[in-house]
Amino acid sequence: MDDAVLIDATISDSMQRAKSWWLIRENIVLAQAKIPQVVNFDISLPISAVGRFLDLSSQLIAQRIGPLPIINFGHLGDGNLHFSVHTAAAHGDAIAEIEPNLRDLIYGIVLDLEGSFSAEHGIGSTKAAYLEKYKAGPRMRMMHSIKKALDPHGLLNPGKVILPS
């Protein structure tokens, strides 16, 4: 705040207040579950790029898809952002048509800002298709090398995430 980087901040003055803030944070996910047609992202960015990402993403979503409600929260200290776009407001049940374009748009912005399309929750089965696209080249070769070194016979989690090369 002394350097005018932050406009406002609050520091907990008790354990009870800290717990109440965590309760709010933990209930964001439960609240979102009640809203239909949400596309969730678990991304990471350099901390210095978070503001730019938020500006760019909302602007480009509005331009290319339409104005959609966005909820984001995360770990400001490490650049991990949980970014959710609520598509039902403008597109009803058309999430299957919108999601691939939305993912490409958001992941493109993240990569342009030198972030990662996957953060704290990892790749998993749902992001495996994006792994080859967004982690191509040396990173994929390194992942395959590690997989081969640790699992030379392909017995661990066969057919998941890191496929045999």
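This is a predicted model: local features need pLDDT of at least 70, side-chain atom pairs count only at pLDDT 80 or more; totals for chains, interfaces and linings use all residues.

Residues are numbered from 1 along each chain as its sequence is written, and side-chain values use heavy atoms, with hydrogens and water left out.

**Aromatic pairs**

A search of the whole structure finds five aromatic pairs. Rings of Phe, Tyr and Trp (its six-membered ring) pair if their centres lie within 6.5 Å; planes under 30 degrees apart count as stacked, over 60 as edge-to-face and the rest as tilted.

| Pair | Centre distance | Plane angle | Class |
|---|---|---|---|
| F53 and F83 | 5.0 Å | 70 degrees | edge-to-face |
| Y107 and F117 | 5.3 Å | 70 degrees | edge-to-face |

Because F53 belongs to helix α2 (residues 50–64) and F83 to strand β3 (residues 80–86), their pair ties together parts that are 30 residues apart in sequence. Helices (H or I, at least four residues) and strands (E, at least two) are DSSP runs, numbered from the N terminus. F53 is buried, with a relative accessible area of 0%, and F83 is buried at 1%. Buried means under 20% relative accessible area, exposed over 50% and partly exposed in between (1.4 Å probe, protein chains only).

Y107 lies in helix α4 (residues 95–112) and F117 in the loop between α4 and α5 (124–134), so this pair ties together parts that are 10 residues apart in sequence. Y107 is buried at 0% relative accessibility, and F117 is buried at 0% as well.

One aromatic cluster is formed by F41, F53, F83, Y107, F117 and Y130. The charged end of R103 sits over the ring of F41, 4.7 Å from its centre (CZ of Arg or NZ of Lys within 6 Å of the ring centre and within 35 degrees of the ring normal).

**Nonpolar core**

The largest nonpolar core has 30 residues, of which F41, I43, F53, F83 and L102 touch the most other members. Such a core is a set of buried Ala, Val, Leu, Ile, Met, Phe, Trp, Tyr and Cys residues joined through side-chain atoms within 4.5 Å. Two or more residues of this core come from each of β1 (38–44), α2, β3, α4 and α5. Helix α4 gives the largest share, seven residues.

**Serine 84**

S84 lies in strand β3 and is buried at 2% relative accessibility.
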